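Hi,

Here's the structure I promised to pass on. Have a look at it first, then read my notes below.

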Amino acid sequence: MRDIRLQKLAHLIINYSLAIKKGEYLQIAGSVSTEPLLKELYREAIKVGAYPEITTYLEGISEVLLKEGSDDQLQFVSPLNRTIAEKYDATIHLLGGVNTKELAGVDPQRIVARRRGLKEIVDIRNKREANGEYRWCLTQFPTHSDAQEGNMSLEEYEDFVFKAGLIDKDDPTAEWKRISEEQEKVVKYLDKKKTLRIVSKDTDLRMSIEDRKWINCDGKVNFPDGEVFTGPVEDSVEGHIRFSFPGIYAGKEIEDIRLTFEKGKVVKAEAAKGEDLLLALLDTDEGSRTLGEIAIGTNYGIQQFTRNMLFDEKIGGTVHAAVGAAYPSTGAKNESTVHWDMLCDMRDGGKIYADDELFYENGKFLFDVIEKGI
């Protein structure tokens, strides 16, 4: 029996998130575990007259390449993937598999090497996206393994996923349009500001955001969504930050991450667990010690940590920072094969200042301040 929630999710992504049009080329990618949602997305794409192409992958294939592949094979760029990056109008990528720890036993340096090999594809997509030629959306299909990561049963996790995306509402599209309008107030306020300061437990981070564009994340790219973000001026970040939640990379956890910045670069990095992986990521390339993104999570329907950054970075009452690649749409320029988000809780005394004006406290926006400043 078809799940009505998957039908509603597919309709929302095809018609709202990506706004797929007749005649467009659409890639729908996911593991074989995501088959029910692959089918619903394909069906919706057919309804609007698009040309969908499903690309699936077997569980464990990445592990084989990373553990047994030669250096040349790790650097290889598939002509098929290059063609899709160059020619397709949009991509939907589905998360969800049988084992979230599939890459836990892989040498971090080989993971980094593979990311370097994929840089060409990432650069093509980023440039086309900045030019308005390409759209993408990432979403989650609930699986047993992801439910286990979040300490939930599969049924509980399904409810969590669909509630986070407002799929439980009668008209999810109308709800996301309402959220978009509210977040647009924050974006307009911050677009006028020159400096940002984030203060929380063991955290005092300062940066310039002058002439940078804030992005309203309202369900168009990641789904579920709920954040506003920008890219700081590359050499401006100063101070220190402690990330309250574990950082997750390729199924591995890095706990109690602390970074110190000087002139925009990470000059000191510590972690209670997984420090070797943290340092390997930071040493990936010239841009991997620079902050590429600073963001504020706005989805208050997500309140629990699930070890899945698609959801965790949206937790209402948190901020997240990503070292590595910036999004060109913000006006930021940092380039790297890494883009890795880390999460800081702001719900217990956290404060954010823009041009020395307090506009966010204890995990909440001060909308009276924001509306006056628009």
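Helix α10 lies across β5 (195-200), β17, β18 and β19, and runs at about 150° to β18. Contact here means heavy atoms within 4.5 Å, and angles go from 0 to 180 degrees between N-to-C directions of axes fitted to C-alpha atoms, for helices over the stretch in contact. Helices (H or I, at least four residues) and strands (E, at least two) are DSSP runs numbered from the N terminus.

Before going on: this is a predicted model, where local features need pLDDT of at least 70, side-chain atom pairs count only at pLDDT 80 or more, and totals for chains, interfaces and linings use all residues. Residues are numbered from 1 along each chain as its sequence is written, and side-chain values use heavy atoms, with hydrogens and water left out.

The eight-strand sheet is open and antiparallel, in the order β13-β12-β9-β6-β5-β17-β18-β19; strands pair if DSSP finds at least two bridges between them. β13 (265-270) and β19 (364-365) are its edges, each with a single partner, so one side of each has no neighbour in the sheet. Between β17 (351-354) and β18 (357-361) there are four bridges, and Tyr353 sits opposite Leu358. Helix α11 (275-282) lies across β12 (258-262) and β13, at about 170° to β13.

There's also an open antiparallel sheet of five strands, β7-β8-β14-β15-β16, with β7 (215-217) and β16 (339-345) at the edges. Its twist averages 25° from one strand to the next. α10 (172-191) packs on this sheet too, touching β7 and β8, at about 155° to β7.

Cheers
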